[in-house]
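Please open the model in your viewer and follow the stops below in order, selecting each part as it is named.

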There are 2 protein chains.
Amino acid sequence: MAKKKQVRIPQETIRRIALYLRSLRKLKELKFNIISSGQITAYLNVSPEQFRKDLSYFGPVGKPGVGYRVDNLIHHLERILGIDRECRIILVGVGKLGSALLAYPGFLNFNFRIVGAFDSDKEKIGKTLGKVRVYDVSEMKKFIQHDRVQLAILAVPVESAQHVAEKLVACGIKGILNFAPVNLNLTQPVRVLNVDMATELMTLTYFVNRILAG
Amino acid sequence: MAKKKQVRIPQETIRRIALYLRSLRKLKELKFNIISSGQITAYLNVSPEQFRKDLSYFGPVGKPGVGYRVDNLIHHLERILGIDRECRIILVGVGKLGSALLAYPGFLNFNFRIVGAFDSDKEKIGKTLGKVRVYDVSEMKKFIQHDRVQLAILAVPVESAQHVAEKLVACGIKGILNFAPVNLNLTQPVRVLNVDMATELMTLTYFVNRILAG
DNA sequence: ACGTGTGAACCGATTCACAGCA
DNA sequence: TGCTGTGAATCGGTTCACACGT
């Protein structure tokens, strides 16, 4: 995955690439073979120039005067993101939200497989939700190391989030998708992405009030 | 809510203000009365300067040489975001994810109240989850207009998301928190915020591979 | 002619540096 | 002195404009 230049790649570029990929999958289903930057961005709130610029960080892939081969581009983007092979993930915290996430079909579509769920509630341990079995948190380390798991979804209550996150990092986890409404403080080289519904709603409220104010 | 200048306020500033608010609530619980920009940002991955700059868009609120009164600042930020009074929201799509969101306690903490849930499944209509009753989608308009609801959480399957979103806008909804993995195309003045778990995981995978590569 | 790829120009957000108040 | 508030400088990302390949 050779970066072309020493130029730093914006995080937003990566996020958009994930978006392009989702869109391309749909276009492929609809039997598109070749598409242009204008076609793919038409329904994405992204300009064609932005799309081409995003791709340019990773080297040429389209044909001037023609466009992009859909298959080719999908594979290219999957390689960039590192999801061209199966990514094993674990889920910690099998409450209401955690259970819902276990059933979320979107993950498998993109080569993510939840290999285990973990909780400290004896009631839940041993059960199987969807196709995923729930284990005791004390078994996390074994799992993470045996299956070379890099990513964890954290869906525990806010009180235990920091503690569990530290434990995950100690077990070797490199990326955390955090659903707990708290800022995790971790020193190790871990990447954390927060998904915070309440914060999103507050942001939305602000902008809605702006719309209504004119 | 007088904006001080004609300067456009960055969206990230608004998102961070929501973050500050969450943090301040916690500090208040811990009996802090006065805090400085350094104290509040210490655990937030935000610099004190950034914090002060963010606040500066909305006029002075702290005391030089002293800091900020926690109570005062909380109220100030709530007013900025428009959540100083109760915000009524609805939820559409009572599947696994929708049900989990109904039970999410974080909303109420910030003055959001889900006044109704909607689904097209006759099995679900009439039931009460948590304290929220599930209604037929055909009753949405009545609700939205009667309760002056501005915000909707969209948790329907991806196939119906665009259709339902259009319906919501037609009913007068001004902001949508969209959990369906699709880019909604809406022309009216509506604000859409997307929460897409698969996209987040892909982004995370990219950065984790970067960490491991050095 | 058409559409990609990309350096350059532009624009907006963050960081810096400091004036001013308690 | 300590900390806020903010113009100015810097930095990074997006947009523009166009050279090049088909």
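Begin by selecting Glu123(B), which counts as exposed at 61% relative accessibility (exposed is over 50% relative accessible area, buried under 20% and partly exposed in between, with a 1.4 Å probe and protein chains only). Glu123(B) sits in the loop between β4 (112-119) and β5 (128-129) of chain B, where strands (E, at least two residues) and helices (H or I, at least four) are DSSP runs numbered from the N terminus. This is a predicted model, in which local features need pLDDT of at least 70 and side-chain atom pairs count only at pLDDT 80 or more, while totals for chains, interfaces and linings use all residues. Residues are numbered from 1 along each chain as its sequence is written, chains are lettered from A and ligands numbered from 1 in the order in which they are written, and side-chain values use heavy atoms, leaving out hydrogens and water.

Next, select the open sheet of 7 strands in chain B, whose order is β5-β6-β4-β3-β7-β8-β9 with mixed pairing (two strands pair if DSSP finds at least two bridges between them). At its edges stand β5 and β9 (191-194) of chain B, each with a single partner strand, so one side of each has no neighbour in the sheet. Within the sheet, β4(B) runs parallel to β6 (residues 132-136) of chain B and is joined to it by 3 bridges.

Finally, select Asn209(B), which lies in helix α9 (residues 197-213) of chain B and is buried, with a relative accessible area of 18%. Leaving aside neighbours within four places in sequence, Asn209(B) is in contact with Leu81(A), Gly82(A), Arg85(A) and Gln150(A), contact meaning heavy atoms within 4.5 Å.
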